Amino acid sequence: MKINGNYQKLEENYLFTEIALRTKKFCAANPDAPVIKLGIGDVTLPLPEIAADAIIKAFEELKHRETFRGYGPELGYGFTKAAVVDYYKNYGVELAMDEVTIGDGIGSDIANVTDLFEKGANTVLVPDPVYPLYKATSLMDGQKIVYLPCTAENSFTPAPPDCPSDMVYLCSPNNPTGATFDFEQLQQWVDYANDCSAVILYDNAYERFIEENDKPHSIFQIKGAETCAIEFGSLSKTAGFTCVRSGYTVVPMGLKANGISLNRMWQQRQTTKYNGAPYPQQRGLVAALSPEGMLQADKNIAEYKKNSALIANVLQEKGIFYSGGTNSPYIWFRCSNGMNSWAFFDFLLNEANVVGTPGVGFGACGENYFRLTTFNTYENTEEAMERIRLIIS
Ligand code: PLP
């Protein structure tokens, strides 16, 4: 047996495991400390009612002989794909049904799509700091990683490099920095990818949080993206589906490598290795993406945005440099008091009993930065920021 030795390249200590360990140790030593967690990016508000009802109704159908269903189509039911196609029309993007596949959240699709690319043979641009999945899968595949520094100087929205590459991961609005590409910046990336025949793997998990008009909601709003981009859309943060699990992937018909259709390859991959997203989740997705579903989902997002304001106000008051919050549920800021990311983590935990995420855990360029999320309750966020206000300068 020959194992995939690339797994040995993965980092030992996963960021959130280390955070959990330090938090557990602190709580054991200080059992009465009123710890507030603004760390992990998981939602807290319930599902839009219309989506929850659709999921329950779908399970009801499965209880009866007349409405029972067995295996569904591997790539998603037609009615689900149609809902995604309709959703994109909101942004002026026309998709063909066959360009859309339905999955169980995009974490798996982003990882699984790497099956289409030869292992150990591609140069991959990975932003730094980065959502850890892109780096981990590139390492597992033995690809050559070139890091793309996302810094205060480039407002965490880097321009394409001078050198060519084969694959590019972009996430906008970004996790962890909250920064969001505008149309012009994304056009530069699309032009770059078309020029060097690279594929852009575009993580659109936070699209629904965008409120500024100059920010695209889909890479397919950009001219030329249909020949160089794959887009991943998730219901996790949009509509609170983190435990339900639902998302979609768009691989355009025009995307080809050496004349071979990546859409066809992705269909081959999914029909071979995946048996389709669960029916109730798909009904939930359809309901969530409907106009009424989006109204309800947007109400939750508006709640999270109130927490953004609480966090941003304190950082502004203290004159601390930050990004995010406006178009994303994350606020990324420079650690105060000259501390590095982990020292600041310990400082916040010990002095304010608040748990956040050290920026360096997302990559070397994240050193001296820190991420807070807006997913806790208003009351907890208010209390956490009041405590933080008293100790940072
Ligand atoms: N991409 C980004 C940038 C994320 O932050 C997350 C989850 O936190 C995911 C993908 C995973 O999304 P899903 O829940 O759809 O698998």
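Biologist: In this predicted model, is Phe 321 buried, partly exposed or exposed?

Modeller: The relative accessible area computed for Phe 321 is 33%. Buried would need a value under 20% and exposed a value over 50%, so Phe 321, at 33%, counts as partly exposed.

Biologist: Which kind of pair do the rings of Phe 156 and Phe 321 form, stacked, tilted or edge-to-face?

Modeller: A pair of aromatic rings is described by the distance of the centres and the angle of the planes. For Phe 156 and Phe 321 the centres are 6.2 Å apart and the planes stand at 35 degrees. Stacked would require planes under 30 degrees apart and edge-to-face over 60, so the pair of Phe 156 and Phe 321 is tilted.

Biologist: How many residues apart in sequence are the parts that this pair ties together?

Modeller: Phe 156 lies in the loop between strand S4 (144-149) and strand S5 (167-171), whereas Phe 321 lies in the loop between helix H10 (291-317) and strand S11 (322-324). The pair therefore ties together parts of the chain whose separation in sequence is 165 residues.

Biologist: How many aromatic pairs does the structure hold, and what are the centre-to-centre distance and plane angle of the one formed by Phe 79 and Tyr 279?

Modeller: The structure holds 22 aromatic pairs. One of them, formed by Phe 79 and Tyr 279, is edge-to-face, with values of 6.2 Å centre to centre and 85 degrees between the planes.

Biologist: Which helices hold Phe 79 and Tyr 279?

Modeller: This pair links distant parts of the chain, its two residues being 200 residues apart. Tyr 279 counts as buried at 6% relative accessibility, while Phe 79 counts as partly exposed at 24%. Phe 79 belongs to helix H3 (residues 78-89), and Tyr 279 to helix H9 (residues 279-289).

Biologist: Which residue lies over the face of Phe 79?

Modeller: Besides its pairing with Tyr 279, the ring of Phe 79 has a partner over its face, at 3.7 Å from the ring centre. That residue is Arg 283.

Biologist: Are H9 and H10 roughly parallel or roughly perpendicular to each other?

Modeller: The two helices pack with their axes 4 Å apart, at an angle of about 80 degrees. In their contact, Ala 287, Ala 288 and Leu 289 of H9 meet Pro 291, Gly 293 and Met 294 of H10, and these residues divide into 5 nonpolar, 1 polar and no charged. Since angles from 65 to 115 degrees count as roughly perpendicular, H9 and H10 are therefore roughly perpendicular.

Biologist: Where are the cis peptide bonds to Pro 173 and Pro 176?

Modeller: The bond joining Ser 172 and Pro 173 is cis, with omega about -5 degrees, and the bond from Asn 175 to Pro 176 is cis too, with omega near 20 degrees. Pro 173 lies in the loop between S5 and helix H6 (183-196), and the place of Pro 176 is likewise the loop between S5 and H6.

Biologist: Is Asn 353, which has a positive phi, buried or exposed?

Modeller: Most residues other than glycine have a negative phi. Asn 353 has a phi of about 55 degrees and is placed in the loop between helix H11 (341-352) and strand S13 (354-355). Its relative accessible area is 13%, so Asn 353 is buried.

How values were computed. Residues are numbered from 1 along each chain as its sequence is written. This is a predicted model: local features need pLDDT of at least 70, side-chain atom pairs count only at pLDDT 80 or more; totals for chains, interfaces and linings use all residues. Side-chain values use heavy atoms; hydrogens and water are left out. Rings of Phe, Tyr and Trp (its six-membered ring) pair if their centres lie within 6.5 Å; planes under 30 degrees apart count as stacked, over 60 as edge-to-face and the rest as tilted. Buried means under 20% relative accessible area, exposed over 50%, partly exposed in between (1.4 Å probe, protein chains only). A charge sits over a ring if NZ of Lys or CZ of Arg is within 6 Å of the ring centre and within 35 degrees of the ring normal. Axes are lines fitted to C-alpha atoms, for helices over the stretch in contact, and angles run from 0 to 180 degrees between N-to-C directions. Angles under 35 degrees count as roughly parallel, over 145 as roughly antiparallel, 65 to 115 as roughly perpendicular and the rest as oblique. Contact means heavy atoms within 4.5 Å. Ala, Val, Leu, Ile, Met, Phe, Trp, Tyr, Cys and Pro count as nonpolar, Asp, Glu, Lys and Arg as charged, and the others, Gly among them, as polar.
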